[in-house]
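Thank you all for making time this morning.

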Amino acid sequence: MYFQLLAAVAASIGASNAAITRRVACPDGVHTATNAACCALFPIIDDIQTNLFDGGECGEEVHESLRLTFHDAIGVSMSKGAAGQVFSRGGADGSIITFNDTEVNFHANNGIDEIVGEQQPFIAAHNITAGDFIQLAGAVGITNCPGAPQLEFMFGRPTAKAPAPDLTVPEPFDTVDSILARFADAGGFTPAEVVALLASHTIAAADKVDPTIPGTPFDSTPSIFDTQFFVETQLRGTSFPGTGGNQGEVESPLRGEMRLQSDSELARDSRTACSWQANVNQQAHMAASFKAAMAKLAVLGQDLSTMVDCSEVIPVPKPFTGQAMLPAGLTENDIEQACASTPFPALQSAPGPVTSVAPVSVY
Ligand code: HEM
Ligand SMILES: *[C@@H]1O[C@H](CO)[C@@H](O)[C@H](O)[C@H]1NC(C)=O
Ligand SMILES: *[C@@H]1O[C@H](CO)[C@@H](O)[C@H](O)[C@H]1NC(C)=O
């Protein structure tokens, strides 16, 4: 009876799956995929999880790999190219690695040489283009960070034919006007989508903004894809974590924490402040809007009709169930309310005395 019931359940599950998708067995004998082309990605994912991300951590290599998805993809313009002519290709094409001797030296790419050098051997060892690898590594890497969304992954970017021109990557000392204009020109991103993409800074640290304190995080939880970044950037800045006077840096509210001038201004500008605040303690909203904006970013300049949807190979991210908090010792009075239409959400303060934020290990 028990076995008959199990068999009946198994048969009905099998039948309903078959009605939706027809999966093929991959040559590795372990995985299945709806499109056989996606099978090639499983060994690459295993390799990077073990050997690039230290066995599945949300550490420096994941943070840098996510930054690299952006710095490669944003190298495109809907209006003009390097010499003033229109160029439609470019974008998320791997040119930052294929033409590393050019792009790595751009000022806005300071520090990117490290992850470029770390990713190159993996690209050489597998049958994958630099453009595909960069976006795959970013999507896989963030699944190690609790709270991250399962990003889409489109497969099939051809090898880049030319480097991106300089000055396509925004700098932390750029004005909000210029940042919003650059994102609009790169891919028609709205101000709300720019805010959505900046959820990335919840798993981020700076090595080069103040070179005396490498690994200084942008929020108190740089290995969790939570909404703390949106809380902490809204607090009144009180001091610099290292030296003062660095270009693109403003005062932060916590010892050991870095605040970029661009993040500070986007949190307070009337065009972006309400989208910024809307992420506070809204984990599902933040994750979903980041996922949607990343889906656009990851295929900038690419021909979708020649690509295969391999989103199914991206692992299920680690879950996050915590609540956003005001850091210990701070209260709602320390919030610099900037959204004119909605009050800042009520949050609990973390218990205990004021703490400082530990650096991200840079080994
Ligand atoms: C207004 C746009 C942006 C500006 C001005 C900006 C600027 C910066 C700066 C200055 C750093 C520190 C680099 C260093 O000193 O090591 C940084 C780090 C980072 N950025 Fe952005 N960023 C922007 C948007 C983005 C976007 C759209 C993404 C991804 C979707 C992203 C992902 C990251 C990550 C993950 C890090 C941390 C890297 C690490 O910890 O090693 N950023 N960003
Ligand atoms: C670019 O990559 C090559 C090959 O790995 C390496 O020899 C070179 O130093 C890299 N250039 C930069 C600027 O990182
Ligand atoms: C390499 O990848 C391409 C595109 O995914 C595929 O068409 C080709 O057959 C692969 N080559 C080998 C040797 O696996």
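Predicted model: local features only at pLDDT ≥ 70, side-chain atom pairs only at ≥ 80, totals over all residues.

Let me begin with Gly-131, which, if we set aside the neighbours within four places in sequence, is in contact with Asp-72, Ala-92, Asp-93, Gly-94 and Arg-157. Gly-131 has its place in helix H7, which covers residues 130–142. Is Gly-131 buried or exposed? Gly-131 has a relative accessible area of 0%, and since buried means under 20%, this glycine counts as buried.

Which residue is the only protein donor of its iron atom? That donor is His-201, which reaches the iron through NE2 at 2.2 Å, and His-201 itself has its place in the loop between helix H9 (191–197) and strand E4 (205–206).

Ligand 2, for its part, is surrounded by Asn-100, Asp-101 and Gln-120. A polar side-chain atom of Asn-100 lies 2.3 Å from an oxygen atom of ligand 2, while for Asp-101 a polar side-chain atom is found 2.6 Å from a nitrogen atom of that ligand. In the side chain of Gln-120, an N or O atom is 3.0 Å from an oxygen atom of ligand 2. On its own, ligand 2 has 360 Å² of accessible area, and the protein covers 45% of that.

Methods
Residues numbered from 1 in each chain as written. Chains lettered and ligands numbered in written order. Heavy atoms only, no water. Near = heavy atom within 4 Å. Polar contact = N/O pair within 3.5 Å; in protein donor to acceptor, adjacent residues only side chain to side chain. Areas by Shrake-Rupley, 256 points an atom, 1.4 Å probe, with all protein chains shown as cover. Helix = DSSP H or I, 4+ residues; strand = E, 2+ residues; numbered from the N terminus. Buried < 20%, exposed > 50% of the residue type's maximum accessible area, 1.4 Å probe, protein only. Contact = heavy atoms within 4.5 Å. Donors = N, O, S within 2.8 Å, 3.2 Å for Na, K, Ca; no water.
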